[in-house]
Amino acid sequence: MKISLNWLKQFIEINESPEELDQMLTGTGLEVEGIERHDSIPGGLQGFVVGEVLTCERFMVKEKQLSLTTVDIGQETPSQIVCGAANVDAGQKVIVATVGTTLYDKEGKPVFAISSKKTYGHLSEGMICAEDEIGIGSSHDGILVLDTDLPNGTPATKYFNLEADYMIEIGLTPNRADAASHWGVARDIKAATGREITLPSIEAFKVDNNNFPIELIVEDAQACPRFCGVTIDGVTVKPSPEWLQNALITIGLRPINNIVDITNFICHGLGQPMHAYDWSAIKGQKVVVKTLPAGTKFTTLDEVERTLGETDLMVCNAEEPMGIAGVFGGATSGIKDETTRVYLEVAYFDPASVRKTAQRHGLKTDASFRFERGTDPNAKLYALKYAALLIQELAGGVIASEVSDFYPNPIQDFVVPVTYRNIDRLIGKQLEKELIKSILVSLDIQITEETEAGFTAIVPPYRVDVTREADIIEEILRVYGFNNIELSENLGTDYLSDFPAKDRDKLQWKIATSLAGSGFSEIITNSLTKPSYAALIQSDLQGENVEILNKLSEDLAVMRQSMVFSGLEVLAYNINRRQKDLKLFDFGKTYHKVNEKYVEKRHLAIYLTGNISAETWQAKSEKISFHTLANVVTKLLKSLGFKDFQTRPIEGSATFEYGLTYVINKKECVSLGLVKAKLAKAADVKQAVFYADLDWDYLFKQYKENVVFTELSKFPEVRRDLSLVLDKEVTFDQIQKLAKQYEKNLLRQINVFDVYQGENLGEGKKSYSVSFILQDNEQTLTDKVIDKTMERLMAGFEKEIGAVIRK
């Protein structure tokens, strides 16, 4: 956002330099990103002074008459200047370009610099200037002769009453809609300095007649809570005066004509976007604020035909739209050179409505920038009357209608209870109560219901970002100054808001990132599927199909009850295109109808098929197996903080040929295994597929973000191996449970590193070679402790599962 320093001075007294103002505004939260000098005349008349011609002697050079002059420019010794103007004479007051001064052309480009040099045989130390050489006109008939008593050497800027302006660029944050104008910036200066703001008077506004009224109809009061309008007759459209053009040029706007320039002046000066219509283009002399049917065509000011949506709020006449409310005007109803009667409007449009419309059409205008953030609903009438007075001053005319003001439901102030305890707690420093109140009053925030503990703040609706206690405290702090808060030895932070204990999206992103890092690709699948799929695994499902009433086809007739077929279809699509080695995962939902109630569940599905990796010269390719998938799931659960989980073999499943169920806190939450061949074939997959289904809702519910860190042991680990001859029915899971049951303190890890079955062991027997990692966090393990531990484990295995220890 760009601000003109001279324009800002019309609202509030500013004694600071642009650099000092930079520090002040940045300290209040309006970060200054740049300062740029702006001169209405190229070069800003730097080096031009008032001089007096003391002597003038004529001489001829090749039939051309010149003058050798001496000019007093306020220095000890008069300057000698050769002048070619016929009207130069002794005793005149003139404008002199001193040595070193740069002259510019009409486009503001430097032409040459004045130097001290010989001209026609005489030393010339400057130039006596004509209008065009100064940049204040186009005449070159002779030098400019002044009528002034100003002392010689006075800067020309003082004579012409020119003051350099500065463009201050502010990086306006989205929440500070109140500061999107010169008035808004002046409010922050008022709060920081205690100086008062002076607004232009509108006492001279009066209705001259009611000859050209416009009927106002607002059909959508929710999208347009307030709309004001008035007619001005007898105007003359022409270029704006120099002061208005300079103000707009400084902030980067192109002057158009006096009427349009005034609306821009109000928009950037008061933060109140407004629009001027050619009264004669308002058909039926009606203004109707409403939405139009979707698909309606409308041509905007930029000559682009746009297709309207059904929620686009439009300002229309009796027959057709004239402008997109709060965004952009139309091509046919704007101000033209021949316009003599103007209808001026200023309104408050719902920010959400304007934002959606602006985004839909890809339009970002000065008006939409302010409307979609929130303007001051209570300043509309003031802005309208001030603009009308400016039009009368710069374009003539009379007020030719009563002022229309549609405002059935005034927007209320925000009422915010505040406690001194929270002010002190969040700021980190106890401020005087009177100081707190004076800061808030300087920000137009009223104080009511004061007690020893706190007060109630009444916030005007133009402060759309100040609706909570924390917002009030932020206002106090930014005006008091962050730099005025001393840093304590022990820094800390605090907050008033409540935050969710766990973030579902954050956790999902964590797991997705982890799987992607392990070579998996994420897929997003359709929740609609074939009814025949559910029939294949009906015994595994807990409810009925959720049927689609307006189904597009029989293949998309029901909501899925299992994730397995969605993934199989993706696998089939890729395999049929010669991509046979696949590792996929999908976060999705299943849908069930249970006892006439509809249930949704979130799942994480993992699919593996083909080879683990492609074949290379270093290693042969290895097919994906059950253990590949089990290892992925186990690591995933451990990354979620689940260490104590049990596994059970899957039996009688319609989905899995074989597999495991993981149990956490007595609930089955993960199923994984080899998908039955007939299910894969139903989806046109002819190779083995391993599939895991994780109950994501339950895992998220059980997940705890708190991580407990323990110090790494300083003492060495010890490994001992056992060879156990067991019945075939004994699982490794049973061995793990028994080992942890018999040794809870020293046992760190158990691993099977060899499995053997053969005739030598006997029928129905197998041999497990198991390693045990032992460690004590307090001391180095002795042989005596190690032996006792292993004896205890062997005794347990022999007693509980009939193991024979091979020695």
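1. Let's start with Thr-375, which touches Gly-271, Gln-272, Pro-273, Tyr-348, Arg-370, Lys-380 and Tyr-462, leaving aside residues up to four places away in sequence. Contact here means heavy atoms within 4.5 Å. Please keep in mind that this is a predicted model: local features need pLDDT of at least 70, side-chain atom pairs count only at pLDDT 80 or more, and totals for chains, interfaces and linings use all residues. Residues are numbered from 1 along each chain as its sequence is written, and side-chain values use heavy atoms, with hydrogens and water left out.

2. Where does Thr-375 sit? Its place is the loop between helix H9 (366-371) and helix H10 (380-395). Helices (H or I, at least four residues) and strands (E, at least two) are DSSP runs, numbered from the N terminus.

3. Is Thr-375 buried or exposed? Thr-375 is buried, at a relative accessible area of 4%; buried means under 20% relative accessible area, exposed over 50%, and partly exposed in between (1.4 Å probe, protein chains only). Its side chain also makes a polar contact with the side chain of Lys-380, at 2.9 Å. A polar contact is a pair of N or O atoms within 3.5 Å; within protein, one must be able to donate a hydrogen and the other to accept it, and residues adjacent in sequence count only if both atoms are side-chain atoms.

4. Now to strand E28 (residues 454-459): six of its six residues are buried, so the strand is largely enclosed by the rest of the structure. On one side lie Gly-454, Thr-456 and Ile-458, on the other Phe-455, Ala-457 and Val-459, and both faces are covered.

5. Which strands pair with E28? Two strands pair if DSSP finds at least two bridges between them.

6. The hairpin of E27 and E28 has five residues between the strands, and Glu-449 there takes a positive phi near 50°.

7. Finally, the whole protein. It has 21 helices and 42 strands, and buried residues make up 47% of its 807 residues. The C-alpha trace spans about 135 × 70 × 70 Å along its principal axes. Among contacts between residues at least 6 apart in sequence, 70% join residues at least 24 apart.
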